[in-house]
Every structure is written in C-alpha cells, then in structure tokens.
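Subject: Structure for you to look at

Hello,

Here is the structure we spoke about. Please open it beside this email and follow along as you read.

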Amino acid sequence: MGFDDLHAEQSYKTFREYGRSKLANILFTRSLAQRLGPNITVNCLHPGAVATSLGSQNDGFLAKLLPALLKPFFRSPDKGAATSIYLCQSDDVQAISGAYFANCKKAKPKPWAEDDEAALKLWAIS
C-alpha cells in the first residue's frame, strides 16, 4: 500500500498509484464487511478494461494516443457495468460479503489484497 508515502508526495508513478488505489478499494471493502456483520453485504469488483474517456485529459501526444489505440480492445461501458449490476441484483451473492468479483464471478485477489493487517491500518487512516 505504500503507507510510508500514502499521498505519493515523495515519489509518484502513475501505474503504481493506480494499482494502490485499486488495492485500497479491496482492503477497505474487507474491513467494511467485517464491521457490518451478516445482515448487510459489501463486495468490490474489477470491471475489466472499459472503453471510457479515462486518459483523454492527459497531456502529451503519446498520453492521448495510447488510450485511443487501446479503446477498440476494451469492453463497452455496458459490459463494464455487468459485474456491478450482478452484485446489486443477484440472489447468488446475497450471503457473500467482503469478496472480490470479476466477470460476475467471485475471484481470488492477489495475496497482498487479503492482508487483514493492512486492511485495518488503511481503515484507521481512512
């Protein structure tokens, strides 16, 4: 998580910070699920690479060109929303909380995303 430089003031790397923001979503969800108990469920998800306008505001020729070149290989926004909608509507997940989903299925995140000590630390900071 980079707790020693959480705001990336000492060193900023775009993809590292993006990855840490996604890790924070997973860790926060784990902590929230433990606090809510069994009657309310919360889960997090990876929508996949979705063709949005993300990156179109970047400065520089290459920074603007790359998203445009990749867009045809990305999912439509409708397909990107599928897992969110599934988690909101499906009876299949009504008893699952604190989990990570991708493609409308429960997925196993990286080991560092299952670090309950880091999740507690993030919760305290948040």
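Is Gln10 buried or exposed? Gln10 has 66% relative accessibility and therefore counts as exposed; the term means over 50% relative accessible area, buried means under 20%, and partly exposed lies in between (1.4 Å probe, protein chains only). Gln10 sits in the segment before α1. Leaving aside neighbours within four places in sequence, Gln10 is in contact with Asp4 and Asp5, where contact means heavy atoms within 4.5 Å.

Some notes on the source come next. The model is predicted, so local features need pLDDT of at least 70 and side-chain atom pairs count only at pLDDT 80 or more, while totals for chains, interfaces and linings use all residues. Residues are numbered from 1 along each chain as its sequence is written, and side-chain values use heavy atoms, with hydrogens and water left out.

**The chain as a whole**

The protein chain has 5 helices and 3 strands. Both are DSSP runs numbered from the N terminus: helices are H or I with at least four residues, strands are E with at least two. Read from the N terminus, the order of elements is α-β-α-α-α-β-β-α. The C-alpha trace spans about 50 × 35 × 20 Å along its principal axes.

Of the 126 residues in the protein chain, 26% are buried. Among contacts with a separation of 6 or more, 65% are between residues 24 or more positions apart. The accessible surface comes to about 8900 Å², and carbon and sulfur atoms hold 57% of that surface; the areas come from the Shrake-Rupley method with a 1.4 Å probe, and for residues only the protein chains shown count as cover.

There are 15 positive and 12 negative side chains, and the centres of the two sets lie 6 Å apart. Lys and Arg count as positive and Asp and Glu as negative, without His and the chain ends. Each charge is placed at NZ of Lys, CZ of Arg, CG of Asp or CD of Glu.

The 23 residues of α1 should span 33 Å at 1.5 Å a residue, and the end C-alpha atoms of α1 are 33 Å apart, which agrees. The expected span is 1.5 Å times one less than the number of residues in the helix. Just after α1, Gly37 has a positive phi of about 80 degrees.

Which residues of α1 are buried? They are Glu17, Leu23, Ala24, Ile26, Leu27, Thr29, Arg30, Ser31 and Ala33. These buried residues pack against β1 (44-46), β2 (100-102) and α5.

The largest nonpolar core has 10 residues: Leu23, Ala24, Ile26, Leu27, Cys44, Tyr100, Ala113, Ala118, Ala119 and Leu122. Two or more of its residues come from each of α1 (14-36) and α5 (116-125), and α1 gives the most, with 4 residues. A nonpolar core is a set of buried Ala, Val, Leu, Ile, Met, Phe, Trp, Tyr and Cys residues joined through side-chain atoms within 4.5 Å. Tyr100 from this core is in contact with Ile26, Cys44, Leu45, His46, Lys105, Lys106, Ala107 and Pro109, leaving aside neighbours within four places in sequence.

**The loop between β2 and β3, and Thr83**

Asn103 lies in the loop between β2 and β3 (105-107). Asn103 counts as partly exposed because its relative accessibility is 45%. Beyond four places in sequence, Asn103 is in contact with His46, Arg75 and Thr83.

Cys104 is found in the loop between β2 and β3 too, and at 26% relative accessibility Cys104 counts as partly exposed.

Thr83 belongs to helix α4 (residues 82-89) and is buried, with a relative accessible area of 2%. Not counting residues up to four places away in sequence, Thr83 touches Leu45, Phe101, Ala102, Asn103 and Cys104. Thr83 and Ala102 are 19 residues apart along the chain, with their C-alpha atoms separated by 6.7 Å.

**Two positive phi values**

Most residues other than glycine have a negative phi. Cys104 is not a glycine, yet has a positive phi of about 60 degrees. Ala8 has a positive phi as well, near 55 degrees. Ala8 lies in the segment before α1 and counts as buried, at 13% relative accessibility.

Best wishes
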